[in-house]
Amino acid sequence: MSALQSAEDVAEEITDVAPRPSRRPWTAWPAWRRRWRERHPTAAQVLSVTVTVLAAALVVGALVMPNTVVRLGPATFFRLPAEAIVGAAVLLALPRRPRVAVAAASGVLLGAMTVLNVLDMGFNQYLGRSFNVVLDWSLLGDAESYLEDSLGRTATLAAVAGVIALVLLLLVLPALAVVRLSGLLARHPGTATRGTLIAGVVWITCSSLGVQMAGVPIASDRTATALKAQARRVSDTLADEAEFRKVARVDAFGNTPGSQLVPDLRGKDVIFTFIESYGRSAIEDPVIAPGVNRTLDVRTKALAAAGFHARSGWLTSATYGGSSWLGHSTTMSGLWISNQQRYRTVMASDHLSLTGAFAKTGAFDTVGVMPGVQKGWPEQKWYGLDKVYNAFQLGYRGPKFSWSTMPDQYALQQYQERVHSKPPAAGRSRMSLLILTSSHQPWAPIPKMVGWDRLGDGSVFADIEAAGNRAEDVIADTTRSREEYGRSIQYSVTALTEWLERYGTEDTVLVFLGDHQPIARVSGNHASRDVPVSIVAKDPRMLDKIADWDWTDGLRPAEDAPVWKMSSFRDRFLRAYGSTPHPKRD
């Protein structure tokens, strides 16, 4: 026997003892499953039924899922979705391969709609509006940055990983569930057809009679309605973009010469200040208002003792719960800038901003102090600001207070030292734009006032920050969020008015307002979009100019004080202080 024959004989013996491995390992799974079911028929039957029931529950739950947290409840999920009935009828009529393909595609679409529903929930809860699939993807990056500032990088990375995993599951699991249910329908066509017909009759009956359970209609077409709403939102967004471009080209003061803009403010020290999330709820909510109103009343008296007087009213913001730049630009442009596309359109235009009007006069130095700006800010040109101090240009060496890069008191002191204490250029006045950030969510930890002469480089705040609340504790507790929000507004108002009391002059004219209401979880699901606005000055003529506005005396606007759209403020202010309209039309 040759060596070659001996090797072949050995190889045959090995082959007889150990079967050759499959070239496709994944084909072993069906065989193993079949053998397991044969050995454990009862367990296999229970498992199969359980998986099918879970698949049906997943599909029905996704079909009837609402897009707001307030509508979540047991009754919401005990509904009969029309989409399931129509889908069953379609799948029953298809042969195997098309049926599986349609089932898988339908499941992915259902998963995508579920993702949009979850996004709608989050946006409604925080921003008081639904998610816009055209414009809002860029805000997800801002949300990640906010979480990192509030909870730290590790927690944020874990949260992002969890969100990615959840999205993948929401796309894959409904597809698998619909494919499984389609197979069940195909195996029992007679029973499935009768069941589909009965379900259709029940749906029509419940819909016609308006049958409800716990106030929720049993007949549901939630997903079809949501899909239609999303399509309409996309169409409206695209149409709005084109229409707004036309609106933005019309400007009542677009052709006004600089010599005819704000003549009554020449020689004055004009300061526009936005207080983050300073909304009507701060003054009227029963949990928040007592402390805030007490602070406003105390500070009104303190300012009066220093010779300052104030008048206050309400503006309805173009945004809610976030996207502060929309409130800022709406106030300054006189246009209703309610989304990111409108914002981009205006920033790229030559539409006159209120701050830009001061620059156009040639009689004012213009400066911005923006501790919330932590990257390039090309909007400076549109705002007409000669100089902007961002978060890295104010010399702060203390700790961050969650999202806020520095306490408002420190930012105001730096404004005093770097800008306000220095005379403007010869023959000029000054206009300043300040964006205060300490009242930004999550309102933990919150700074405290310290002696103005102790601020230094901000290191004094280290112990205050360390002793403050943790962001994760406040975020998870609605009541604490409301309480801490109120305290943050008290702090910001106190810091600003103490600065004015300490450093304001006969020529100072301070305009301060909120940019938007706090998130819906704090202000309520049906809160208005109103924010307080005040004008403070020593020179009585400055307040006489707005006497016909019927605003309330002091820093706290009355409940029945006038309410204007935020977009109307620019033109009202310009006219009140002597500007002459010269419209620009494209």
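The dialogue below tests the terms used for this predicted model against their cut-offs.

Student: What makes a residue count here?
Tutor: This is a predicted model, where local features need pLDDT of at least 70, side-chain atom pairs count only at pLDDT 80 or more, and totals for chains, interfaces and linings use all residues. Residues are numbered from 1 along each chain as its sequence is written, and side-chain values use heavy atoms, with hydrogens and water left out.

Student: How do you know how many helices and strands the protein has?
Tutor: They are DSSP runs numbered from the N terminus: H or I over at least four residues for helices, E over at least two for strands. The protein has 23 helices and 13 strands.

Student: How do you know what span to expect of helix α8?
Tutor: The expected span is 1.5 Å times one less than the number of residues. Helix α8, residues 153–187, has 35 residues. Its first and last C-alpha atoms are 51 Å apart, close to the 51 Å expected.

Student: Why is T256 called buried?
Tutor: Buried means under 20% relative accessible area, exposed over 50%, and partly exposed in between (1.4 Å probe, protein chains only). T256 has 0% relative accessibility, so it counts as buried. T256 sits in the loop between α10 (222–248) and β5 (269–275).

Student: What makes L261 a contact of T256?
Tutor: Contact means heavy atoms within 4.5 Å. T256 touches L261, K360, T580, P581 and H582, leaving aside residues up to four places away in sequence.

Student: What makes the approach of T256 to T580 a polar contact?
Tutor: A polar contact is a pair of N or O atoms within 3.5 Å; within protein, one must be able to donate a hydrogen and the other to accept it, and residues adjacent in sequence count only if both atoms are side-chain atoms. The T256 side chain reaches the backbone oxygen of T580 at 2.7 Å.

Student: Why is H516 called buried?
Tutor: H516 is at 0% relative accessibility, so it counts as buried. Its place is the loop between β10 (508–514) and α21 (520–523). H516 touches, among others, E276, S277, Y320 and V531.

Student: Which side chains make polar contacts with the side chain of H516?
Tutor: The side chain of S324 does, at 3.1 Å. The side chain of D515 does too, at 3.4 Å.

Student: What makes S277 and S402 stand out in phi?
Tutor: Most residues other than glycine have a negative phi, and most peptide bonds are trans. S277 has a positive phi of about 60° although it is not a glycine. S402 also has a positive phi of about 60°.

Student: Are S277 and S402 buried or exposed?
Tutor: S277 is buried, at a relative accessible area of 4%. S402 is buried, at 8%. S277 lies in the loop between β5 and α11 (281–284).

Student: Which peptide bonds are cis?
Tutor: One of them runs from Q441 to P442, with omega near 15°. Another joins A444 and P445, with omega about -10°. P442 is in the loop between β9 (429–436) and α18 (462–467).

Student: How do you know how the protein compares with a compact globule?
Tutor: The radius of gyration is taken over C-alpha atoms, and the globule rule is 2.2 Å times the number of residues to the power 0.38. For 586 residues a compact globule would be near 25 Å, but the protein has 32 Å. The C-alpha trace spans about 110 × 75 × 50 Å along its principal axes.
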